[in-house]
Every structure is written in structure tokens, then in C-alpha cells.
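Me: I'd like to go through the labels on this one and see what backs each of them up. Can you take my questions one by one?

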Amino acid sequence: MKIHIADHPLITHKLTVLRDEKTDSPTFRRLTEEIVTLLAYEAMREVKTQAVTVKTPVAMAQGAHLTKPKPVVVPILRAGLGMLEGFSRLIPTAEIGFLGMVRNEETLKATTYANRLPEDLKGRQCYILDPMLATGGTLVSAIEFLAAKGATDITAICILAAPEGIAVLEKAFASSALQLKLVTGALDERLNEKGYIVPGLGDAGDRLYGVV
């Protein structure tokens with residue numbers, strides 16, 4: 001599994017404001033979108049393209065277009081929805097699927113309660129959006145769900161990650177033939193006894209949309 005931890009002062013600045021407990025939900029949502037756009041830029045360095053020739057007002061020029069089938073972006077409900085606009089701003093032609101997963105706070109394991117994905121993901125580059133890679137259970141389940149539909153090229157985009165979560169991912173797919181990549185804005189210190197990232201930024205879903 002490839003791991004890319006963003007090292008950019010602009011991302012660090014935006015993450016700092018995002019972490020601040022005084023940051024209100026509208027600002028939190030806007031900053032999340034901005035950070036995801038920057039992370040998506042890094043995540044798509046290996047997006048598949050094909051060579052094309054276009055005519056400029058001056059001469060012919062060699063370039064590239066995204067190949068078909070189009071990439072699929074999969075936000076994990078509900079917090080992943082807050083990342084979707086930031087990704088779509090960079091690549092509006094990507095197709096969008098949804099995966100609803102919830103973590104059991106006692107077992108820390110994730111179960112699926114909603115699925116809006118193509119039945120066949122063979123040959124599709126898939127991008128999973130999940131703000132926090134904490135225990136790793138949700139992301140492992142999401143990757144396995146996409147793999148069961150034929151996906152072999154999967155990139156996870158997370159705003160923050162914990163070492164424990166990365167270790168769980170690496171162990172889960174150590175012998176897998178999947179092409180996996182993790183792109184994250186920062187690698188934090190650890191998890192606490194409740195499975196929350198430290199220092200983290202709290203519950204991303206609650207900070208995006210309020211407590212429900």
C-alpha cells in the first residue's frame with residue numbers, strides 16, 4: 001500500500017483552523033472542501049489518461065484526456081459527504097457512488113447500511129472519501145466492499161490518520177493484489193481509549209453538520 005502524507009504549508013494552515021474547537025460548522029465545511037481539493041490533486045497523480053491532439057488558436061498541441069470508464073468517487077456517509085464537493089470541484093466528470101457505514105462504538109467494527117454503487121467496478125479507479133482514519137475498521141470494510149464488486153485500483157483520501165489505523169490497513173491487505181493508496185493531510189499521534197484520533201479534530205460528522 002502506498003501512503004502519501006501531504007506536506008504543504010497551505011494544508012497545515014487550513015488543518016490548524018479545522019482542529020480549533022472554536023471553528024463553527026460553516027467554516028469547518030468550507031475548509032474541509034478546500035483541504036480535500038488539495039488532497040485530491042495529490043491523489044490523482046496516477047489517474048489514467050490517453051494522449052490527444054487539439055487545435056489551439058496558434059497551432060496543434062499534444063495533450064491528454066481522462067480515459068473511460070470514468071473514475072468513481074465514493075464518500076462514506078455521513079461525514080464523507082462533507083468532502084464530496086471539494087473532490088468534485090477538481091474532477092466534476094467523476095461518477096459518484098455512496099456507501100453508508102457505521103462504527104460500533106464498543107467493537108469498533110463497521111457495518112454497511114446503505115449502498116449506491118455500480119454492480120461492476122472492474123477497470124474503474126475508485127476514490128474513497130472518509131475524513132478520519134482512526135481504528136481503520138470502516139476503511140477496511142469499505143475497501144473490501146469495493147473489491148467484492150471488482151475494484152482493483154482504490155485510493156482512500158482522509159483528512160487525518162492515526163498510526164494505528166494505517167497499521168490495520170497494511171495488515172488487512174498485506175497479501176492483497178489490490179492497488180491501494182492512502183492520501184492524508186496529516187499523521188497524528190495516536191488513538192485514545194475511545195478510538196478517537198489525538199490530537200485530531202473531534203467528531204468530523206458532528207462538526208460538519210451538528211449533533212443529531
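Me: Why is Leu133 called buried?

Reply: This is a predicted model, so the values are computed from it. Leu133 has a relative accessibility of 1%, and buried means under 20%, so Leu133 counts as buried. Leu133 sits in strand 9, residues 132-133. Leaving out neighbours within four places in sequence, its contacts include Leu139, Cys158, Leu160, Ile166, Leu169, Leu182 and Ile197.

Me: What makes Ile197 buried?

Reply: Again it's the cut-off: a relative accessible area of 8% is given for Ile197, and the limit is under 20%, so Ile197 is buried. Ile197 belongs to strand 13, residues 197-198. Beyond four places in sequence, Ile197 touches Leu133, and also Met132, Ala134, Leu160 and Asp188, among others.

Me: How do you know which residues are annotated as "binding site"?

Reply: That comes from the record. The unreviewed UniProt entry has a "binding site" annotation that covers Arg78, Arg103, Asp203 and the residues Asp130, Pro131, Met132, Leu133, Ala134, Thr135, Gly136, Gly137 and Thr138. Another "binding site" annotation in the unreviewed entry covers Ile197, Gly202, Asp203 and Ala204.

Me: What makes the pair of Asp203 and Gly205 a polar contact?

Reply: A polar atom of the Asp203 side chain lies 3.0 Å from the backbone nitrogen of Gly205. The cut-off for a polar contact is within 3.5 Å, and 3.0 Å meets that distance.

Me: Which residues line the largest cavity?

Reply: The lining is made up of Met1, Ile143, Ile154, Thr155, Ala156, Leu169, Leu180, Lys181 and Leu182. Strand 10 (153-161) and strand 11 (179-187) are the elements that give two or more residues to it. By class, the lining has 7 nonpolar, 1 polar and 1 charged residues. The space inside is about 30 Å³, and the structure holds 1 cavity of 30 Å³ or more.

Me: What is the lining of the second largest pocket like by class?

Reply: That lining divides into 6 nonpolar, 3 polar and 5 charged residues. There are 14 lining residues, and Glu46, Asp153, Thr155, Gln179 and Lys181 lie nearest the centre of the pocket. Strand 8 (125-129), strand 10 and strand 11 each give two or more residues to the lining. The volume of this second largest pocket is about 170 Å³.

Me: Why does Thr155 count as buried?

Reply: Its relative accessibility is 5%, the limit for buried is under 20%, and so Thr155 counts as buried. Thr155 lies in strand 10. Apart from neighbours within four places in sequence, Thr155 is in contact with Ala43, Cys126, Tyr127, Ile128, Lys181 and Val183.

Me: How far apart are Thr155 and Val140?

Reply: C-alpha to C-alpha they are 12 Å apart in space, and 15 residues apart in sequence.

Technical notes: Residues are numbered from 1 along each chain as its sequence is written. This is a predicted model: local features need pLDDT of at least 70, side-chain atom pairs count only at pLDDT 80 or more; totals for chains, interfaces and linings use all residues. Side-chain values use heavy atoms; hydrogens and water are left out. UniProt positions are given in the numbering used here, feature names are shortened, and annotations may be inferred rather than shown by experiment. Helices (H or I, at least four residues) and strands (E, at least two) are DSSP runs, numbered from the N terminus. Buried means under 20% relative accessible area, exposed over 50%, partly exposed in between (1.4 Å probe, protein chains only). Contact means heavy atoms within 4.5 Å. On a 1 Å grid over the protein atoms alone, a cavity is a set of points where a 1.4 Å probe fits but cannot get out, and a pocket is an open set with protein on both sides within 12 Å along at least five of seven lines; lining residues have an atom within 4 Å of a point. Grid points are joined across faces, edges and corners, and a volume is the space filled by probe spheres set on the points. Ala, Val, Leu, Ile, Met, Phe, Trp, Tyr, Cys and Pro count as nonpolar, Asp, Glu, Lys and Arg as charged, and the others, Gly among them, as polar. A polar contact is a pair of N or O atoms within 3.5 Å; within protein, one must be able to donate a hydrogen and the other to accept it, and residues adjacent in sequence count only if both atoms are side-chain atoms.
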